[in-house]
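Below are my notes on the model, point by point. Please read them with the coordinates open.

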Amino acid sequence: MASGFNLYPHQRIGVGWLQSLFHDSNARGGLLADDMGLGKTIQLLALLAHEREEAKQHAAAGESDPRLTQVLPTLLVVPMSVVGNWIKEVERFTPSIRVILHHGVDRAQGDEFVEKVSESDVIITTYALANRDQELIERVRWGRIVLDEAQFVKNPAAKQSQAVRSFTVERRIALTGTPVENR
């Protein structure tokens, strides 16, 4: 478990489940579906912090295997309405995680985007831009893609749904409170 996190018991269970899920080399993804307000964001941030701590420990122990000492960046795809919340939560709970926002007319393009991603841990973008910048995003080797408010991709024919499914990633996580909320 990531140090420095005061998690509620249900959050510790969620983070533990995510950690065990991704220690299995066959695991490709998971769905974290808790009622709204129960801490899916903090659970994901605890997972990311734990992975980075673990990689640092392996590097300090002299490991040379990049699978143990390096963590590939995470692409976080969110509705525009929660972008600010994610940035604030990352800064508040995991200030050591390097985050960039890929949004707006002045967003990085081409090689500049690829370089910025290589220097970051988490890249936050929106569902609309995941579709619009699909070719650009596909240029990066991602460790994980996280879909917050995953109900945004429930229609498999929608362009944003097709775009996020097209990205080559090692692992996927969907976060949603809607199915639980709607019973």
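1. Thr126 belongs to strand β4, which spans residues 122-126; helices (H or I, at least four residues) and strands (E, at least two) are DSSP runs, numbered from the N terminus. Thr126 is buried, at a relative accessible area of 4%, where buried means under 20% relative accessible area, exposed over 50% and partly exposed in between (1.4 Å probe, protein chains only). Apart from neighbours within four places in sequence, Thr126 is in contact with Val77, Val78, Met80, Val83 and His103, contact meaning heavy atoms within 4.5 Å.

2. This is a predicted model: local features need pLDDT of at least 70, side-chain atom pairs count only at pLDDT 80 or more, and totals for chains, interfaces and linings use all residues. Residues are numbered from 1 along each chain as its sequence is written, and side-chain values use heavy atoms, with hydrogens and water left out.

3. Val83, one of the contacts of Thr126, sits in helix α4. Its relative accessible area is 4%, so Val83 is buried. With residues up to four places away in sequence not counted, Val83 touches Val78, Leu101, Ile124 and Thr126.

4. Helix α4 (residues 83-93) also packs against helix α2 (residues 40-60), at an angle of about 50 degrees and with the axes 11 Å apart. Axes are lines fitted to C-alpha atoms, for helices over the stretch in contact, and angles run from 0 to 180 degrees between N-to-C directions. The helices α2 and α4 are therefore oblique to each other; angles under 35 degrees count as roughly parallel, over 145 as roughly antiparallel, 65 to 115 as roughly perpendicular and the rest as oblique.

5. Which residues make the contact of α2 and α4? From α2 they are Thr41, Ile42, Leu44 and Leu45, and from α4 they are Trp86, Glu89, Val90 and Phe93. Sorted by class, the contact of α2 with α4 has 6 nonpolar, 1 polar and 1 charged residues. In this scheme Ala, Val, Leu, Ile, Met, Phe, Trp, Tyr, Cys and Pro count as nonpolar, Asp, Glu, Lys and Arg as charged, and the others, Gly among them, as polar.

6. On aromatic rings, the count comes to 1 aromatic pair. Tyr127 and Phe152 form this stacked pair, 5.3 Å centre to centre and with 10 degrees between the planes. Rings of Phe, Tyr and Trp (its six-membered ring) pair if their centres lie within 6.5 Å; planes under 30 degrees apart count as stacked, over 60 as edge-to-face and the rest as tilted. The pair links distant parts of the chain, 25 residues apart: Tyr127 is in helix α6 (residues 127-132) and Phe152 in the loop between β5 (142-148) and α8 (159-166). Tyr127 is buried, at 2% relative accessibility, whereas Phe152 is partly exposed, at 37%.

7. The loop between β5 and α8 also holds Glu149. Glu149 has a phi near 55 degrees, a positive value in a residue other than glycine. This residue, Glu149, is partly exposed, with 23% relative accessible area.

8. Asp133 is placed in the loop between α6 and α7 (134-137). Is Asp133 buried or exposed? At 6% relative accessibility, Asp133 counts as buried. Beyond neighbours within four places in sequence, Asp133 is in contact with His102, Arg107 and Gln109. Asp133 and Ala163 are 30 residues apart along the chain, and their C-alpha atoms are separated by 9.1 Å.

9. Glu138 lies in the loop between α7 and β5 and is partly exposed, with a relative accessible area of 38%. Leaving out neighbours within four places in sequence, Glu138 is in contact with Ser166 and Phe167. Glu138 and Phe167 are 5.8 Å apart in space, C-alpha to C-alpha, and 29 residues apart in sequence.

10. Totals for the chain: the protein chain has 9 helices and 6 strands. Of its 183 residues, 43% are buried. Among contacts between residues at least 6 apart in sequence, 72% join residues at least 24 apart.
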